[in-house]
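Student: Could you help me look at the charged side chains in this one? I'd like to go slowly.
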Amino acid sequence: MARAVCLRLLTLAPRTRAQLAEALRRRNIPDDAAESVLSRFSDVGLIDDEAFAEAWVSSRHAGRGLARRALAAELRTRGVAEETVREAVDQLDPDQELETARRLVARKLPGTRGLEPAARVRRLAGMLARKGYSGSVAYRVVREALESEGQPTDDLPEGFD
């Protein structure tokens, strides 16, 4: 039974060991049977939290533009060990992360053109913050984008709290 549950879940999408263990617990599979199946699946490579974390970071950063902080939080909620989380998010190059933030702002910038400069900053920086970017990165990228439009930025605050 435990083997069938795990195989079915893994057929649908990659899962972490913790996610599979939780699914087995919910189905009242005895702990010893669950551990036996999970260990066997790990041994043969059907469960690989490191590969899951690497793929997750690559996919979610490219597809949704999520920053390290948001990616790490998502992996933790999926039961990935802290060391594995750190290794996966450390693969993201800070320059790549900054460039992704710039692309996100460039995509949203035209939709803010009718707003006051301070409102534009709040909206764009808020979008980046929700994706896990730090205040300093958000402020820098938003300021650069506004300056590239010829928008004066002298009256904007010096940074975010």
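Tutor: Let us begin with a term: a salt bridge is a side-chain nitrogen of Lys or Arg within 4 Å of a carboxyl oxygen of Asp or Glu. This is a predicted model, in which local features need pLDDT of at least 70 and side-chain atom pairs count only at pLDDT 80 or more, while totals for chains, interfaces and linings use all residues. Residues are numbered from 1 along each chain as its sequence is written, and side-chain values use heavy atoms, with hydrogens and water left out.

Student: OK, how many salt bridges does the structure hold?
Tutor: The structure holds 14 salt bridges, and one of them joins Arg140 to Glu144, whose closest N and O atoms are 3.3 Å apart.

Student: Where do Arg140 and Glu144 lie?
Tutor: Both lie in helix α9 (residues 135-148), 4 residues apart, which is about one turn of the helix; helices here are DSSP runs (H or I, at least four residues), numbered from the N terminus. Arg140 and Glu144 also belong to a network of salt bridges that includes Glu99 and Arg102.

Student: And which pair links distant parts of the chain?
Tutor: Arg68 and Glu97 meet in a salt bridge at 3.4 Å, N to O. Arg68 is in helix α5 (residues 68-77) and Glu97 in helix α7 (residues 94-108), 29 residues apart.

Student: Is Glu97 buried or exposed?
Tutor: Glu97 is buried, because its relative accessible area is 13%, where buried means under 20%, exposed over 50% and partly exposed in between, with a 1.4 Å probe and protein chains only. Arg68, at 22%, counts as partly exposed.

Terms used. Helix = DSSP H or I, 4+ residues; strand = E, 2+ residues; numbered from the N terminus.
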